[in-house]
Amino acid sequence: MTASRLVLGAMMFGTTIDETTSFALLDRFVDAGGEWIDTADCYSFWASESGYGGDSEELIGRWLAARPGMRDRVKISTKFGAEPRVAGEWPASRTGLSRPAIRSQFEGSLRRLGTDHVELVWAHMEDRATPIEETADAMAELVADGRAGRIGTSNHPAWLVERARTHARSRGVEPITALQHSRTFLQTRPGIRPDGQNHRFGVVDDELLDLATPEGLELWAYTPLLSGAYDNPAKPIPEPYDHPGTTRRLAVLDEVAAETGLTRGQVVLSWLAGGTPATRPILGGSKLAQLDAALEATAFELPAQLRERLDAVERQ
């Protein structure tokens, strides 16, 4: 079975998504050829009774413990840097990306996950109080120690990513090879963040795409389905996307959906998964039917002429 390019997002596992449902989603994902599970040490502090994260990683750890041999079948990515140091005072109070903070946070993640390594580890959000060179060195050490397979940044601007990569190359250590940002087919008005996305550099921009494509960096796309707004009439397209470009994009999306028999959201996932730069859409849904539809979409290869039609309007 070919491994799916879809990533299962575990953000709300253990908080708003209960253990029974979370286990069912994880089981279905793996049975269908899914590999990558994405979490973070801070998931989901805003929905937890304590005001701190860790519930998602702990639930994944319990699932792995209950499924002997499963750790060899899945790949885990987790993040650090955004966990509150003091509950209720985020983002002013957060752990950050200094070397001591990274090592401490990562140890906690491994303990909660019940594993001695992860396949990918992310710097969750920028920390201007810490030199990016210190962060890059600390993350490279995790790879050198054999406790992380690769490193990436989430919600960082392109110039900071490239500065970290240049530093790593100069020292001959593991560089950043993956980026995680919000990306979908529609585009927001310039400078406007989608609702619920608090990261200043969260939305992928042209600078990041221009960096990722020639350098061969893998892009992970969160919130690719706009929380269901593409296909659920009860969920309007968010206001930051309200501009003439959206009308043009939705019209082409409707045409391609009609020609392929896919839903709008499935076309978006297929477009992302088969595009350039190489992209892994992250699904954070809570229903098995949503997961099944996403797995079907990422396995579908858009015909070249349809992809070209979507690419052409996306560039306008």
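# Close-up views of a predicted model

View A. Helices (H or I, at least four residues) and strands (E, at least two) are DSSP runs numbered from the N terminus. The model is predicted: local features need pLDDT of at least 70, side-chain atom pairs count only at pLDDT 80 or more, and totals for chains, interfaces and linings use all residues. Residues are numbered from 1 along each chain as its sequence is written, and side-chain values use heavy atoms, with hydrogens and water left out.

Ser-22, Phe-23, Leu-25, Leu-26, Phe-29 and Val-30 are the buried residues of α1. Viewed down the axis of α1, they fall within an arc of 160°, so they line one face of the helix. The arc is taken from the directions between the helix axis and the C-beta atoms. Residues three or four places apart point the same way because an α-helix has 3.6 residues a turn. Thr-20 and Asp-31 are exposed, on the face turned away from the buried side. Buried means under 20% relative accessible area, exposed over 50%, partly exposed in between (1.4 Å probe, protein chains only).

**View B. Surroundings and ends of α1.** The buried residues of α1 pack against β1 (7-9), β2 (36-38), α2 (55-66) and α9 (288-299). Contact means heavy atoms within 4.5 Å. Asp-18 caps the N-terminal end: one of its side-chain oxygens lies 3.1 Å from the backbone nitrogen of Thr-20. After α1 comes Gly-33, with a positive phi near 100°.

**View C. Ser-56 in helix α2.** Ser-56 sits in helix α2. Its relative accessible area is 0%, so Ser-56 is buried. Leaving out residues up to four places away in sequence, Ser-56 touches Ala-10, Met-11, Phe-13, Thr-39 and Tyr-43.

**View D. Aromatic pairs.** The count comes to 7 aromatic pairs. Rings of Phe, Tyr and Trp (its six-membered ring) pair if their centres lie within 6.5 Å; planes under 30 degrees apart are stacked, over 60 edge-to-face and the rest tilted. Phe-80 and Phe-106 are edge-to-face, 6.5 Å centre to centre with 85° between the planes. Phe-80 lies in strand β3 (residues 75-80) and Phe-106 in helix α3 (residues 99-113), so this pair ties together parts 26 residues apart in sequence. Trp-122 and Trp-220 are also edge-to-face, at 5.1 Å and 70°. These two lie in strands β4 (residues 118-123) and β7 (residues 218-222), so the pair ties together parts 98 residues apart in sequence. Both Trp-122 and Trp-220 are buried.

**View E. Cis peptide bonds.** Most peptide bonds are trans. A cis bond joins Tyr-43 and Ser-44, with omega about -20°. Ser-44 lies in the loop between β2 and α2. Another cis bond joins Trp-90 and Pro-91, with omega about 5°. Tyr-43 and Trp-90 belong to one aromatic cluster that includes Phe-45 and Trp-46.

**View F. Positive phi in two loops.** Asn-155 is not a glycine, yet its phi is positive, about 60°. Asn-155 lies in the loop between β5 and α5 (158-171) and is buried at 2% relative accessible area. Ser-227 has a positive phi near 55°. Ser-227 is in the loop between β7 and α7 (244-260) and is exposed at 55% relative accessibility.

How values were computed. A polar contact is a pair of N or O atoms within 3.5 Å; within protein, one must be able to donate a hydrogen and the other to accept it, and residues adjacent in sequence count only if both atoms are side-chain atoms.
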